[in-house]
Structures are given as structure tokens and as C-alpha cells.
Amino acid sequence: MYQIDLNCDLGESFGAYTIGNDAAILDYVTSANIACGFHAGDPTVMKKTVELALAKNVKIGAHPGLPDLVGFGRRNMNIAPDEAKNIVIYQIGALQAFTTALGGRVEHVKAHGALYNMAAKDARLAQAIAEAVYAVDANIVLYGLAGSELIAAGKRVGLKTANEVFADRTYQQDGSLTPRSEPHAMIETDAEAVRQVMTIVKDGYVQTQQQTSFTLEAHTVCIHGDGAQALPFAKYIHETLTNNQIDVAAYR
């Protein structure tokens, strides 16, 4: 039987602003990437999200991003590797404190937004992030775009890595995600998104926007928790994978 982890970016509410339906989505995912206060989230939201994940036996991960609340961490910044290392350590530490206080542990790290995409191609930035994770806890699993510099850096420093693929994003012929600023970056229908995941998991490749095939090994699939249809899609993809003999389970 095939096996895949379903991860979701959660805890992205902030102050008076509520984003997503975290409690309900946690019924359908196996790993939660929890915002750590830089691109989204605040101490109260972090604590509540950790509590929800623990109650539903969902693995907890830190989701560090660039210090960009206004841009939701999706705008590139000219950040030095040393600074990137420090902000990742800082954010993991914040979530780790809440998780430890509540009787759990941080089991993975997945960078957010622009930081994630920059590290997928920038070897120095990827190395800094991997070293930050290793310095905090060498047993943490590093999530990164399948085949990216971040996965390579994680392996170099001695971390267990998880190749991540995306249900709702299109791919370029080099294996990178189509930037959100470009046309057709997002897959619009649930059926098409699930077909892409099924092809990646079972056949080991993704069809790119250039109509070429790019080979991928997938350990975890990202679904986003902030869209209007996030909850029904989470339920749909979980049920479809299970009905097609794909075991949905945390990658550890």
C-alpha cells in the first residue's frame, strides 16, 4: 500500500482576525505546520492551535516565515543567511515552548511562503535553515519542496527530510512551483488537484505547465488551510486517497 502524510499550514489567525477553520481541518490531516508569529499567528493563537493538534493526535510542526505580517510572509526579502538562521531558531523556540508546556513536542519544521520558495533554490539560505533546525533539535524532520536545495541541505547536516508536494499548485519544468504572481499558479478544481496528487504518489511524477514530466518522490502533501474551500477539500482529498488504497499517515 502507498502511504502519504497530509500537512496543513495552520494557526494563521492574528489578534482580532480569524483565518481558516483549524479545528475542523485537523480531523483530516496528519501534520500541522503552526505559524510562529512572524508572518501570522500570535501567542494565544499558537497555544490554542497546539492544544487542538494534541487533542486530535496530529503531529506538530513549526512554520517559520519572514518578518512580514502585512504581506503574510509571501514577499521576498533580501535576508542574509545568518539572519535567516536566527529567525528560524527564534520561531521554532517560540512554538517549542508552547508545545512543551502542553505536554507535546515539535516534530517537524516547514518554512513558510517566500522563505520556503527562496530556500528551495538558494543553497546558502537552505543551509542556514537546515543548520538552525539541527541546532535546536537534530531529531526534527525538515519538510521541503521535493528535490530542492532545502532537502539537500537537510540531508547534509544530518536531518531526516520529507519531500513535500502540493495539491493546489502548478509546477514548472525545473520542479519549482509556479509563482503565485503568475497566471495559472493555482489549480482551481478539487478533482484536478487530487488527480495531480494521485499521479505524484502512485506514478512518481508531475505534469508541468510546459507539458513535460518531472520526477518526484513524495512523502507529504501540502493542503492550504486559509482558502474558502479548504475544509471540504481537506475532507475530499483524505477520503479519495483512502479509497484508492493510499494510507494517510504522518511521515516520521
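**Exercise 1.** Is Gln91 buried or exposed? Work it out in this predicted model, then find the surroundings of the residue.

*Solution.* Start with the location: Gln91 belongs to helix α3, which spans residues 81–101. Next, take the relative accessible area, which is 0% for Gln91. Buried means under 20%, so Gln91 is buried. Finally, look past the neighbours within four places in sequence: Gln91 then touches Cys36, Phe38, His63, Pro64 and Gly65.

**Exercise 2.** Find which residues of helix α6 are buried, and say how they are placed around the axis.

*Solution.* Helix α6 runs over residues 149–157, and its buried residues are Leu150, Ile151, Ala153, Gly154 and Val157. Around the axis they cover an arc of only 160°, so they sit on the same side of α6. Now see what they pack against: the helices α4 (113–121) and α5 (123–136), together with the strands β5 (141–145) and β6 (161–166).

**Exercise 3.** Describe how helix α7 packs with helix α8.

*Solution.* Two packed helices are described by the angle between their axes and the distance between those axes. For α7 (residues 190–203) and α8 (residues 230–243), the angle is about 40° and the axes are 10 Å apart. That angle makes α7 oblique to α8. The handedness comes next: the crossing is right-handed. Then list the partners. From α7 come Asp190, Ala191, Ala193, Val194, Val197 and Met198, and they meet Phe233, Tyr236, Ile237, Thr240 and Leu241 of α8. Sorting these contact residues gives nine nonpolar, one polar and one charged.

Conventions
Residues numbered from 1 in each chain as written. Predicted model: local features only at pLDDT ≥ 70, side-chain atom pairs only at ≥ 80, totals over all residues. Heavy atoms only, no water. Buried < 20%, exposed > 50% of the residue type's maximum accessible area, 1.4 Å probe, protein only. Helix = DSSP H or I, 4+ residues; strand = E, 2+ residues; numbered from the N terminus. Arc of directions from axis to C-beta. Contact = heavy atoms within 4.5 Å. Axes fitted to C-alpha atoms, helices over the stretch in contact; angles between N-to-C directions. Parallel < 35°, antiparallel > 145°, perpendicular 65-115°, else oblique. Left-handed = near helix turned anticlockwise from the far one by under 90°. Nonpolar A, V, L, I, M, F, W, Y, C, P; charged D, E, K, R; others polar.
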